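This briefing sets out the main features of the structure shown below, grouped by topic.

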Amino acid sequence: MSVIGRAWDRRVLPWLVEKACRSTTILAERKRWVPQAAGEVLELGVGSGLNLAFYDPAQARAVVGIDPSPELLVQARSRAEAAAVPVELVEAAAERLPFDADRFDSALVSYTLCSVADPAAALAEVRRVLRPGAPLYFVEHGRSDRPRVRAWQARVTPVWRRIGGNCHLDRDIAQLLRDAGFALTTLEEGHVEGGGRLTSYTYQGVAISP
Ligand SMILES: C[S@@+](CC[C@H](N)C(=O)[O-])C[C@H]1O[C@@H](n2cnc3c(N)ncnc32)[C@H](O)[C@@H]1O
């Protein structure tokens, strides 16, 4: 990666991620899904920690948040300290989770499966560290059901991912979860209010680890 690319990823991208992830629509999604996570929870791509305020101490015993970005983990630190549940932040990629098998009671991922380098490997790792039957709560943007939007998502993604921390506009999140062996017990798909057409198709729900 070039010097400019590295500077972008270290200085501009964390600011962009924080800004993009603070919309009122996304806030409502966080308030809806995060409090459902129970027991010891793994959060993938914890980023700057915007979900941490919404864990419910009556449900979640502790949260382990992983992210490969040291810059975002620094931003997450104060939110981890302010959370109502104990939070541990770990620098790691979802594709190689530094945890024993069957450790976690639930997992949560928001706006991250678009960006991981290898979603199949990441989801296989989530399966490994979740105990059998445990839920993965997901809120993700991805491939639209509208052919014209879909075509534009495919056209724009090669440029978008270069400036957006590898964010893909056109991943079919439901299919990725199914391909990884999860059973989707709740799935809501569709364009949501706010944001551009290319980024507003979301997949939200609960995927059960086999
Ligand atoms: C758009 S941000 C979302 C952050 C946070 N989940 C939220 O909802 O605010 C995407 C996140 O995915 C993280 N990410 C990128 N590649 C990853 C990987 N291989 N494993 C885990 N997280 C990754 C980024 O560092 C970033 O924090």
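Setting aside residues up to four places away in sequence, Ser115 touches Gly45, Gly165, Asn166 and Cys167. The model is a predicted one, and the points below describe its computed geometry.

**Ser115 and its loop**

- Ser115 lies in the loop between strand 4 and helix 4.
- Ser115 is buried, because 20 other C-beta atoms lie within 10 Å, and a count of 20 or more is the cut-off for that class.
- Although Ser115 and Cys167 are 52 residues apart along the chain, their C-alpha atoms are separated by 4.2 Å.
- Tyr111 also has its place in the loop between strand 4 (106-110) and helix 4 (119-129).
- Tyr111 is buried, with 23 other C-beta atoms within 10 Å.
- The phi of Tyr111 is near 50 degrees, which is a positive value in a residue other than glycine.

**Ligand surroundings**

- Which residues are the closest to the ligand? Of the 21 residues that surround the ligand, the closest are Cys21, Gly45, Gly47, Ala94 and Ser110.
- By class, the shell around the ligand holds 11 nonpolar, 8 polar and 2 charged residues.
- Gly45, among the closest residues to the ligand, is also touched by Ser115.

**Helix 5 and the residues that follow**

- Helix 5 (residues 147-163) has 17 residues and should therefore span 24 Å at 1.5 Å a residue; the C-alpha atoms at its ends are 25 Å apart, which agrees.
- A bend of about 50 degrees occurs in helix 5 at Thr157, and the proline Pro158 follows within four residues.
- Asn166 is found in the loop between helix 5 and helix 6 (173-179).
- Asn166 likewise has a positive phi, of about 70 degrees, although it is not a glycine.
- With 13 other C-beta atoms within 10 Å, Asn166 is partly exposed.
- Both Gly165 and Asn166 are among the residues that Ser115 touches.

**Thr199**

- Thr199 occupies the loop between strand 6 (183-191) and strand 7 (201-208).
- Is Thr199 buried or exposed? Thr199 is buried, because 22 other C-beta atoms lie within 10 Å.
- Beyond residues up to four places away in sequence, Thr199 touches His141 and Leu169.
- Thr199 and Arg155 are 44 residues apart along the chain, and 13 Å separates their C-alpha atoms.

**Ala38**

- Ala38 is in the loop between helix 2 (24-33) and strand 1 (39-44).
- Ala38 is partly exposed, with 17 other C-beta atoms within 10 Å.
- Apart from neighbours within four places in sequence, Ala38 is in contact with Gln59, Ala60, Asp105 and Ser106.
- From C-alpha to C-alpha, Ala38 and Gln153 are 35 Å apart in space, and they are 115 residues apart in sequence.

**Ser78**

- Ser78 belongs to helix 3 (residues 70-82).
- Ser78 is exposed, because 12 other C-beta atoms lie within 10 Å, and a count of 12 or fewer defines that class.
- Ser78 and Asp56 are 22 residues apart in sequence, with 18 Å between their C-alpha atoms.

**Overall fold**

- The protein chain contains 6 helices and 7 strands.
- From the N terminus on, these elements follow the order α-α-β-β-α-β-β-α-β-α-α-β-β.
- Along its principal axes, the C-alpha trace of the protein chain spans about 40 × 40 × 30 Å.
- The protein chain has a radius of gyration of 16 Å; a compact globule of 210 residues would have a value near 17 Å, so the two agree.
- Of the 210 residues in the protein chain, 40% are buried.
- How much of the contact set in the protein chain with a separation of 6 or more comes from residues 24 or more positions apart? Such residues account for 68% of these contacts.

Technical notes
Residues numbered from 1 in each chain as written. Predicted model: local features only at pLDDT ≥ 70, side-chain atom pairs only at ≥ 80, totals over all residues. Near = placed C-beta within 6 Å. Nonpolar A, V, L, I, M, F, W, Y, C, P; charged D, E, K, R; others polar. Helix = DSSP H or I, 4+ residues; strand = E, 2+ residues; numbered from the N terminus. Expected span 1.5 Å × (residues − 1). Bend = angle between axes of the 7 residues up to and from the residue. Rg over C-alpha atoms; globule rule 2.2 N^0.38 Å. Contact = placed C-beta atoms within 7 Å.
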